[in-house]
Amino acid sequence: MNLTRRSLLLGALGVSAVPLLGAAAARASNLACPLLLMVNGLEPSTDPIRVETLAAPFQIRGIAVTLTIAPYDGDGTPLDYDSEMAQHLRSLIRENRTDLEIGLHVDTLGSEDPYFQLREISTAQALFSKAVNEYERYKSKAVVTAYTLTTTSPLLQVQDGASMRAAGIRSIVRLPAGGKNKGDLHADAGGYWVAENGLVNIIGLPSSSARSNPKRVPDPRSIASGVKKLTAASNPIVIDLPYATLANLSNGDLAKYATDLADALVQQIESDKVRSVIPVDLHRDSVPDRHRYVAIRVDDLRIDSNTDPLQMAFSENLLGQGYPVTEAIIPGPTGQVVTEDKDVLAYLQRMRKFPRYDVATHGWAHTSSELAGNTLEKNRLLVRDGVFELASATGSVPVSYIPPNNAFDENALIALSAVGTSIISAEKGDFRWFSGLDERGLLHASNTIMFEKSWEGDYPYHDTQTVLDMIGDRNDAVFSIHVNTANTPQKQRQIQDVLSALSQSKATTLVNFGEYRKAVLPPLESYDRIRSARANVSISDWRPRRLGDRDRDQLQKDAELAWRYFDWGTATYNGIAPGTSWMEGDQQQGYPFATMWDVASTIMATVSAKRLGLIDAASMEERCSRIVEFLGEQNFHYAGVNLPPAERRLTKQAGERQGFDSADTGRLLIALKVLDIETSGSLPIDKLVGRWGFHKILVNGEMHLVSARGRRSSVHANSYANYASKGYQLWGFETAPVFGERNPLDNMDDAITELGEIAARGRIGTEPHLTEEIELGGSAHGRFTADILLDAQMRRYAETGVLTAVSEGPVDFAPYFTYQGYQVTPAGGDFVVDAPTSKQAHQAARRAEGLRMVSSKAAFLWYACRPGTYSQKLIDHIRASGTLPGIGFSSGVGEISQSAIRIADVNTNGIILESISYVLSEETPFLGSNPTSGI
């Protein structure tokens with residue numbers, strides 16, 4: 001259903017886009033116009049006495065008041081629990097008045113992006129909830145959150161603000177001072193828009209607002225006159241009283257002003273043309289079926305094998321009655337994982353017939369403080385293993401996670417986000433995150449209510465009415481049921497009574513967690529994509545690596561084949577392997593040129609061969625001594641300094657590319673650092689690097705290319721920059737940050753921003769992001785990019801049946817070299833084929849389908865860095881179809897031909913050797929622990 005503006009919706013019982021008929025139409029047409037009096041823009045430092053002075057005259061006269069408070073003062077001071085304003089708000093809440101609503105005010109929303117709008121309001125809601133909730137009171141009463149937001153940001157499109165429903169907001173009142181609402185919404189006439197998820201946008205009119213001239217306190221009679229004129233329409237009437245407009249009035253003048261306005265408004269209300277309401281009640285009357293959600297959560301399956309049959313029967317019975325259920329399952333208690341529990345597996349198979357059955361991961365073994373106080377790495381393993389077990393048992397990744405005993409910390413939340421978890425559900429805790437999306441991208445559903453008073457003795461229960469009071473009738477909530485504590489007929493009856501009462505409540509919709517997420521959170525393209533990629537890569541596809549003797553033998557054979565390329569190449573071309581090689585008849589031929597990237601691959605291949613036992617240490621040092629000598633023989637001269645040339649000829653044949661390539665040199669510097677450490681400094685590598693004047697091309701810390709004619713251009717914003725910059729840093733050269741201080745693995749806000757930046761940097765391939773992992777240990781930016789790419793490749797395979805592993809490399813027909821990668825786009829992404837020159841790129845785009853191939857080196861890199869079902873398919877495919885006996889591995893296997901490209905290259909075979917060395921060295925990077933962590 002599309003979002004629709006309908007004046008007849010106000011106070012009516014439906015949101016249909018067709019005219020209301022019969023009695024319903026008559027009822028709607030006879031309703032008085034809703035009048036909303038909004039005192040907005042209160043700040044944490046506002047004097048509570050003045051707030052009471054302003055609000056009291058209205059309330060005495062029966063006019064409902066909505067107070068909205070900003071989460072921060074103008075100087076950035078947040079609303080604090082101990083502040084006078086927070087104390088005042090709590091005292092108002094204790095009065096439990098039906099004619100008063102306390103909401104949030106954000107003068108101008110910081111972004112039009114629905115994700116960042118949700119994040120901004122979620123953070124504000126968390127501050128608000130912490131400040132206004134008292135623990136002792138809410139042992140028996142419903143918590144308080146803000147249901148209404150006031151803002152001057154205009155309505156730009158019909159779905160605007162819908163994501164804020166996930167933060168608990170029901171209505172957004174768009175105040176008139178913020179600029180023009182979008183014209184095709186006809187918002188200049190005021191109005192009321194209902195989003196698909198039930199969030200309501202209400203437009204205030206300037207003629208009824210103090211904001212028509214915010215520098216002058218409006219005359220109460222003119223406001224009342226404006227209200228009278230607006231009653232001819234069916235739209236809501238918003239009286240917008242910005243607190244700042246009244247700030248210069250004395251307390252006495254403020255009281256008189258409020259009294260005069262209240263008296264003037266009473267006359268209009270008594271005329272039966274308007275009715276005074278608060279926004280939350282207007283929302284409930286207008287959207288009754290989507291006002292609030294209560295998730296049914298049945299906890300602790302597998303906590304005790306003796307009570308499991310009772311719980312399974314209980315859940316099955318609830319579903320049979322039509323109730324939704326999220327069942328919290330413990331993956332690995334008492335040493336038996338769920339995938340080995342035949343009774344539970346049979347139960348889960350039966351439950352597939354219930355479309356409203358959903359499972360949540362409930363820790364690992366449900367031990368005390370299981371996820372609190374651990375290292376991040378330990379929590380990553382506990383969370384991943386638990387979610388993986390349940391995904392394996394059910395066939396899908398669980399949407400939600402329930403920390404055992406409500407014990408978790410920051411490291412636990414980061415670990416949950418890393419596996420694509422959508423929802424975390426815990427107990428109320430410190431009254432902050434009842435709802436909303438935190439910075440890790442976790443949607444909180446933590447207004448959790450349960451019967452148990454305590455977990456001691458015979459588990460004493462609250463009485464039924466107390467539990468219903470704690471759930472309340474406005475907030476979204478979670479009703480948590482523990483079947484193993486319902487140990488008397490009376491307790492079992494109480495559970496049924498609460499479920500029955502909730503299901504009969506007109507304003508309540510019962511849901512499981514999967515349904516809750518869909519109900520409150522509209523599609524958020526980048527967020528959904530990142531979360532899904534994490535779930536697919538780290539759970540759905542991931543498999544623990546278990547290498548047997550057979551696997552090791554096969555990897556050793558692969559390494560021997562890849563090393564053939566270097567044995568032949570270095571013997572033929574005086575110690576330097578050529579860029580490519582192929583067979584002409586019975587003769588092996590080579591392309592007698594090498595870039596600095598190629599030379600780096602030869603170094604890394606030689607070090608890998610020594611680690612794999614293909615050559616000994618003396619042979620490695622002898623071979624690499626020649627490489628160091630080769631690098632010192634020729635330079636590219638620029639701005640008075642020497643730099644490594646873009647390409648070197650290996651024979652007398654001319655035609656090498658001139659200039660300086662910053663990315664290729666960055667990789668070379670990484671390889672030289674690996675070699676320097678591997679040979680304990682016995683080769684003159686430090687001297688070699690010291691002769692190069694990199695300060696001339698690291699201008700303001702940015703890496704640059706230099707053309708053959710000496711023209712310099714920045715490459716700091718391309719997709720190789722993050723990896724290449726590490727090479728310069730390893731040798732003490734300072735480079736500017738490539739991605740800033742963002743951490744897209746630990747912070748979803750950063751991940752959303754970075755996804756946009758990745759799109760701007762151009763196509764991404766398997767290199768250099770996984771090369772960075774096996775050589776340096778990886779970075780947050782590289783790992784994030786790699787996971788986005790792997791997810792896209794797996795999705796393409798799922799949709800087309802075509803294995804996909806993209807990288808750059810040679811082909812054996814025009815244009816002879818292609819860059820095959822994935823271009824992130826706003827609508828998703830495209831797998832593109834490009835080439836070195838503009839003419840060749842045009843040809844490559846035209847012939848893309850014939851040029852597409854599964855890259856051999858990419859397949860081995862994925863196998864090394866992301867063990868799973870997909871990477872195993874890739875390496876099996878290359879082993880079956882991508883070898884060139886006697887030469888090495890082909891650059892890849894054609895998608896259409898399903899046969900090897902008849903050309904091998906130095907980078908393919910070098911990276912395959914690196915990958916195998918990494919796997920057989922227990923996934924230890926060449927430079928040990930990550931020496932560039934934090935960069």
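Which residues line the second largest cavity?

Reply: A caution on the source first. This is a predicted model, where local features need pLDDT of at least 70, side-chain atom pairs count only at pLDDT 80 or more, and totals for chains, interfaces and linings use all residues. Residues are numbered from 1 along each chain as its sequence is written, and side-chain values use heavy atoms, without hydrogens or water.

Now the cavity you asked about. Asn-718, Ser-719, Ala-721 and Asn-722 belong to its lining. So do Val-738, Phe-739, Ile-758 and Arg-761. Ile-764, His-769, His-781 and Thr-785 complete the list. The second largest cavity holds about 70 Å³ of space. (On a 1 Å grid over the protein atoms alone, a cavity is a set of points where a 1.4 Å probe fits but cannot get out; a pocket is an open set with protein on both sides within 12 Å along at least five of seven lines; lining residues have an atom within 4 Å of a point.) Volume is the space filled by probe spheres set on the points, which join across faces, edges and corners.

Three helices each supply at least two residues of this lining: α21 (721–730), α22 (748–761) and α24. (Helices, H or I with at least four residues, and strands, E with at least two, are DSSP runs numbered from the N terminus.) By class, the lining has five nonpolar, six polar and one charged residues. (Ala, Val, Leu, Ile, Met, Phe, Trp, Tyr, Cys and Pro count as nonpolar, Asp, Glu, Lys and Arg as charged, and the others, Gly among them, as polar.)

One backbone feature comes next. Glu-767 and Pro-768 are joined by a cis peptide bond, with omega about 5°. Pro-768 lies in helix α23, residues 766–776. Most peptide bonds are trans.

α24 leads on to a pocket. The second largest pocket has a volume of about 1,000 Å³. It is lined by 31 residues; the closest to its centre are Glu-377, Arg-380, Arg-384, Arg-783 and Arg-866. Two or more lining residues come from each of α10 (376–394), α11 (410–418), α15 (525–540), α24 (780–800) and α27 (856–865). α10 gives the largest share, five residues. The class count is 16 nonpolar, three polar and twelve charged.

The largest pocket comes next, with a volume of about 1,300 Å³. Of its 46 lining residues, Arg-657, Glu-808, Phe-817, Tyr-819 and Pro-836 are the closest to the centre. Helices α17 (596–611), α19 (662–678) and α29 (906–920) each supply at least two of the lining residues. β29 has the largest share, four residues. Here the classes are 18 nonpolar, 14 polar and 14 charged. In the loop between β28 and β29 sits Pro-815. The peptide bond from Ala-814 to Pro-815 is cis, with omega near 10°.

Two of those helices, α17 and α29, touch each other. Their axes come within 8 Å and cross at roughly 35°. (Axes are lines fitted to C-alpha atoms, for helices over the stretch in contact, and angles run from 0 to 180 degrees between N-to-C directions.) On α17 the contact uses Trp-597, Asp-598, Ser-601, Thr-602, Met-604, Ala-605, Ser-608 and Arg-611. On α29 it uses Val-906, Asn-907, Gly-910, Leu-913, Glu-914 and Ser-917. (Contact means heavy atoms within 4.5 Å.) These residues divide into five nonpolar, six polar and three charged.

The axes of α18 (residues 617–633) and α19 come within 12 Å and cross at roughly 140°. α18 brings Met-620, Cys-624, Val-628 and Leu-631. α19 brings Leu-668, Leu-672, Leu-675 and Glu-678. The contact of α18 with α19 has seven nonpolar, no polar and one charged residues.

The whole structure has six cavities of 30 Å³ or more. β11 (292–301) and β18 (477–481) are the elements that give it two or more residues. By class, that lining has seven nonpolar, six polar and two charged residues.

Last, a residue in the loop between β11 and α8 (308–320): Arg-302. Its phi is positive, near 85°, although Arg-302 is not glycine. Most residues other than glycine have a negative phi.
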